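Colleague: Before I rely on the labels attached to this model, I would like to hear how each of them was reached.

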Amino acid sequence: MTVTTTATAPTTQPESTSILHQPKAVWAVAFASVIAFMGIGLVDPILKPIGEELDATPSQVSLLFTSYMLVTGVAMLVTGAISSRIGPKRTLLTGLAIIVVFAALAGTSDTVSGIIGFRAGWGLGNALFIATALATIVGAASGGVAKAIILYEAALGIGIAVGPLVGGVLGNVSWRAPFFGVAVLMAIAFILIVVMLPTTPAPKSGRTSLAAPLLALRHRGLLTVAVTALLYNYGFFTLLAYTPFPLDMGAYPIGFIFFGWGLALAISSVFLAPRLQRRFGTLPMMMLALALFAVDLAVMALFTDNRAILVVCVVLAGLFLGVNNTLITETVMISAPVERSTASASYSFVRFVGGAAAPWVAGKLGESHANLPFWVGAACTVAAILVLATGRKILAHVDSPPSTD
């Protein structure tokens, strides 16, 4: 099994193969992915408690997201080079080990700056794991690239859904508990990868250069999708990192609200996205999902003082984002003639680095005008649609008719 083959259309294997019929190695990586993505939403319910206990402003606390995503994005540039030298399995294990260490350290910190720094280290481990996990699942899964991506996005959705729930439950005990909880779960994932994922041979194409992810962005299709993701991720992380502040609720309620959001994201990723894609096409459906998300953010901007409307909009956003996430990830895998791991690293570098600004900027804007972060998020999402529209011709091949059962 190799994870760095050249990208091909997602219809190379029989569509009749069930998404649930996968090798044990795929399930091990998928489980670890769930835990890794829990780290994104885990801190949502404890943002206010951390700010209150450590005397920090919303923009300062939001840096927990910014440092995590910024380091994740930059580190994506080296994931391919590392994986091609030490192999996918060792790269996954290295990433998991780093997350275990820095998640535990974050739980022991007594300052916001300390947690921000440890979240940055956590982001390094996350980068090594995420980029390699996607390529590993795509390379090892049964049923073709499309179903492998759906499985990956399902893991993402479940992780994002469970993260706030775990954060809320453990955060009700102490804001430190969620960090220790992730460290324990990641240690379990580490053991599963050791036992269930076979050691993979070195890629036939040789070592990946450090410059490969940046050079891959010369392909117009990949660059278009990456910039689209950068812009809509601004809205995505505005929703995730800023909404707990205008909601002004305890760890439990915030945890359950974002659990509903993540659950909607997981359901739409797995069940809605493939059906809508077959009916309307990949690019039109992505544009529609982004348009609905932009409207959703605009409604949140108009009714920032209304908790009930904010809660409904948060959950609905999960439906739109789930559809878009699945389709845009599949598009990345087939938008440029480069190795899948390189395409994933290039795309993730642009979107994470770009999205890293959103939590801090949203927190800063929200300190003076509570609804302004949502307006800016909506505007960035609209800009994402415009960028995607400019690449319709170069990305036309992703809308080729799918094979029938």
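Colleague: What makes the approach of the Thr 329 side chain to the backbone oxygen of Asn 325 a polar contact?
Modeller: In this predicted model, the side chain of Thr 329 comes to 2.7 Å from that backbone oxygen of Asn 325, and because a polar contact asks for a pair of N or O atoms within 3.5 Å, the pair is counted as one.

Colleague: Why is Thr 329 called buried?
Modeller: Thr 329, which is found in helix H13, has a relative accessible area of 6%, and since buried means under 20%, the residue is given that label.

Colleague: What makes Thr 304 buried, and where is it placed?
Modeller: Thr 304 sits in the loop between helix H12 (282-302) and H13, and its relative accessibility of 7% is set against the limit of under 20%, so it counts as buried.

Colleague: Why does Ala 154 count as buried?
Modeller: Ala 154, in helix H6 (residues 145-171), has a relative accessible area of 13%, and because the cut-off is under 20%, it is buried. The C-alpha atoms of Ala 154 and Phe 271 are separated by 9.6 Å, while the residues are 117 apart along the chain.

Colleague: Why are Cys 313 and Cys 380 both called buried?
Modeller: Cys 313 has 6% relative accessibility and Cys 380 has 17%, and as buried means under 20%, each of these cysteines qualifies.

Colleague: How many disulfides are counted?
Modeller: The count comes to zero, the rule being that a pair of cysteine sulfur atoms must be within 2.5 Å.

Colleague: Which residues make the nonpolar surface patch?
Modeller: Phe 31, Val 184 and Ile 188 make a patch of about 240 Å², and Val 184 is found in helix H7, residues 177-196.

Methods:
Residues are numbered from 1 along each chain as its sequence is written. This is a predicted model: local features need pLDDT of at least 70, side-chain atom pairs count only at pLDDT 80 or more; totals for chains, interfaces and linings use all residues. Side-chain values use heavy atoms; hydrogens and water are left out. Buried means under 20% relative accessible area, exposed over 50%, partly exposed in between (1.4 Å probe, protein chains only). Patches are made of residues with over 30% relative accessible area and no salt bridge: like charges are joined within 9 Å, nonpolar side chains (Val, Leu, Ile, Met, Phe, Trp, Tyr) within 5 Å. Accessible areas come from the Shrake-Rupley method with a 1.4 Å probe; for residues, only the protein chains shown count as cover. A salt bridge is a side-chain nitrogen of Lys or Arg within 4 Å of a carboxyl oxygen of Asp or Glu. Helices (H or I, at least four residues) and strands (E, at least two) are DSSP runs, numbered from the N terminus. A polar contact is a pair of N or O atoms within 3.5 Å; within protein, one must be able to donate a hydrogen and the other to accept it, and residues adjacent in sequence count only if both atoms are side-chain atoms.
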